[in-house]
Amino acid sequence: MLCQWLFHQTNIVFFDGRLFRAGVAAMLSIILVLFFMPKYIRFLQKLDATSDFDKDGKTKSPPIMGGLLLVIVVEIVSLLVCKMNGYTISTLVVLGAFSAVGAIDDIAKVKAKRLIKLGKLSAADYMDKADGISSSLRLFLYFLFSLVVAIFCYKFIPELKGDLTVPFFPHEVFQIHLPNWIFVGFMTFVIAASANGTNFTDGLDSLVSVPIMTSMIFVGAVAYVCGNRLFSEYLGVPSLPGCDELFPLAMAIAGSLLAYLWFNSPPAEIYMGDAGSVGFGAAIGIMFILVQAGLFYPIVCIIIIVEACSVLLQILWFKVTKKATGTGRRIFLCAPLHHHYQKKWDGRFPSKPLMNSKIVWRMHLVSIFALIVSMVIFFGIR
């Protein structure tokens, strides 16, 4: 660990402080992503690592798997600035494992596109952004990894006893307690569902980046306060010794996403892909549980929740109406929700990129507003 080495060499307490290490984590992530991303983009372009078809034969579609570099940067930076404990180890394991599943999915998409170019696969059997591996296999891996890590956390993190902080109530006045395996099941579901929901949200340039960053700002602030006994007692939040190590980790993720926006802002030079969205989504889920703020997830991550629910409702309503009437009906013009607005607003703007920017920016503003509201509720209304 870089910061621990500096602390031991100089004996200056400043180098061991959470705020300093969080700042270093954010800056290191930004610098590394800004430095390596152009080289990484060129590397992926040489491999033709895209799941999109070239529209005119001249303009190359942006490559996918940009999130893989972000995850690698976050893992390295976290090892340099964070102290390894149950909180950080479990989060980094979840981030790496889910990112690996997403990367396999991305590679499968790229291979499918190449088979079409070679004439070995019909274009009718392939849709843009289609699943690379089966959804059933992906969900099985999501829940398997989530369950293993949930059991590890429950067994080896003493403060993780199944308590959930309830909005508007101090923890000593009212808390929800989930006993034993019910809590493990809840934690497993939140991690897997968060990974899947974040993946659905990654559909337009920069759309998923801001919700991830606002989530990390919230979790980082909560972890910093809950890890400090004086702060936690003053604000009436749970005291969780050791969870403040999630603060530098959260800032590493936020910093990497901030630098990523330099390349992913419209028009995108690279897409995050499942390697990033699935990994970061799972990390969001476990971090909310670790800081006992699982019930705040629907508030902070409202865009992720709405996007995921739009897909679920669309599928369920189609199946129910098809079984009842023989003809499946849809609630939305298309799911996830951002595709619904693409179809609804088609023709209302001078160009499709302008329409997409309007959709993305409105969702960004909702994410920022949700962050402000959740911070006020968690820290202020007690």
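1. Secondary structure. The protein chain holds 14 helices and two strands. The model is a predicted one. Of the 382 residues in the chain, 51% are buried. Among contacts with a separation of 6 or more, 73% are between residues 24 or more positions apart. The chain exposes about 17,900 Å², and 69% of that area is supplied by carbon and sulfur atoms.

2. Nonpolar cores. The largest nonpolar core has 100 residues. Met37, Met187, Phe218, Phe280 and Phe288 are the residues with the most contacts inside this core. Helix 9 (residues 246-264) gives the core its largest share, 13 residues. Another core, of ten residues, lies apart from it and includes Leu204, Phe332, Trp345 and Met355. In soluble globular proteins, nonpolar side chains tend to be buried together.

3. Met187. Which residues does Met187 contact, leaving aside its neighbours within four places in sequence? They are Ala150, Cys153, Leu160, Ile286, Ile289 and Leu290.

4. Helix 10. This helix covers residues 273-290, which is 18 residues. At 1.5 Å a residue it should span 26 Å, and its end C-alpha atoms are 26 Å apart, so the two values agree. Is helix 10 largely enclosed or left open by the rest of the structure? Because 18 of its 18 residues are buried, helix 10 is largely enclosed.

5. Gln292. Helix 10 is followed by Gln292, a residue in the loop between helix 10 and helix 11 (297-300). Gln292 is not a glycine, yet its phi is positive, about 60 degrees. With 4% relative accessibility, against a limit of 20% for buried residues, Gln292 counts as buried.

6. Asn180. A positive phi also belongs to Asn180, near 40 degrees, and this residue is likewise other than glycine. Asn180 is found in helix 6. Its relative accessibility is 45%, so Asn180 counts as partly exposed. Most residues other than glycine have a negative phi, and most peptide bonds are trans.

7. Cis peptide bonds. The bond from Pro266 to Pro267 is cis, with omega near -5 degrees. Pro267 lies in the loop between helix 9 and helix 10. A cis peptide bond also joins Ala335 and Pro336, where omega is about 5 degrees. Pro336 sits in the loop between helix 12 (302-325) and helix 13 (337-344).

8. Ser29. This serine lies in helix 2 (residues 18-46). Its relative accessibility is 0%, so Ser29 counts as buried. A polar atom of the Ser29 side chain is 2.9 Å from the backbone oxygen of Ala25. Not counting residues up to four places away in sequence, Ser29 touches Val73, Val77, Ala252, Gly255 and Ser256.

9. Ser209. Helix 7 (residues 209-226) contains Ser209. With a relative accessible area of 0%, Ser209 is buried. The contacts of Ser209, apart from neighbours within four places in sequence, are Leu257, Tyr260, Leu261, Asn264 and Met272.

10. Asn196. Asn196 is in helix 6 (residues 180-201). Its relative accessible area of 18% is under the 20% limit, so Asn196 is buried. Beyond its neighbours within four places in sequence, Asn196 is in contact with Arg138, Leu139 and Tyr142.

11. Aromatic pairs. The count comes to 15 aromatic pairs. One of them joins Trp345 and Phe349, with ring centres 6.1 Å apart and planes at 50 degrees, so the pair is tilted. Trp345 is buried at 8% relative accessibility, whereas Phe349 is partly exposed, with a relative accessible area of 25%. The rings of Phe378 and Phe379 have their centres 5.1 Å apart and their planes at 75 degrees, so this pair is edge-to-face. Both Phe378 and Phe379 are buried.

12. Aromatic cluster. Phe378 and Phe379 also belong to one aromatic cluster together with Phe218, Phe288, Phe296 and Tyr297. Phe218 and Phe288 are among the residues with the most contacts inside the largest nonpolar core.

How values were computed. Residues are numbered from 1 along each chain as its sequence is written. This is a predicted model: local features need pLDDT of at least 70, side-chain atom pairs count only at pLDDT 80 or more; totals for chains, interfaces and linings use all residues. Side-chain values use heavy atoms; hydrogens and water are left out. Helices (H or I, at least four residues) and strands (E, at least two) are DSSP runs, numbered from the N terminus. The expected span of a helix is 1.5 Å times one less than its number of residues. Buried means under 20% relative accessible area, exposed over 50%, partly exposed in between (1.4 Å probe, protein chains only). A polar contact is a pair of N or O atoms within 3.5 Å; within protein, one must be able to donate a hydrogen and the other to accept it, and residues adjacent in sequence count only if both atoms are side-chain atoms. Contact means heavy atoms within 4.5 Å. A nonpolar core is a set of buried Ala, Val, Leu, Ile, Met, Phe, Trp, Tyr and Cys residues joined through side-chain atoms within 4.5 Å. Accessible areas come from the Shrake-Rupley method with a 1.4 Å probe; for residues, only the protein chains shown count as cover. Rings of Phe, Tyr and Trp (its six-membered ring) pair if their centres lie within 6.5 Å; planes under 30 degrees apart count as stacked, over 60 as edge-to-face and the rest as tilted.
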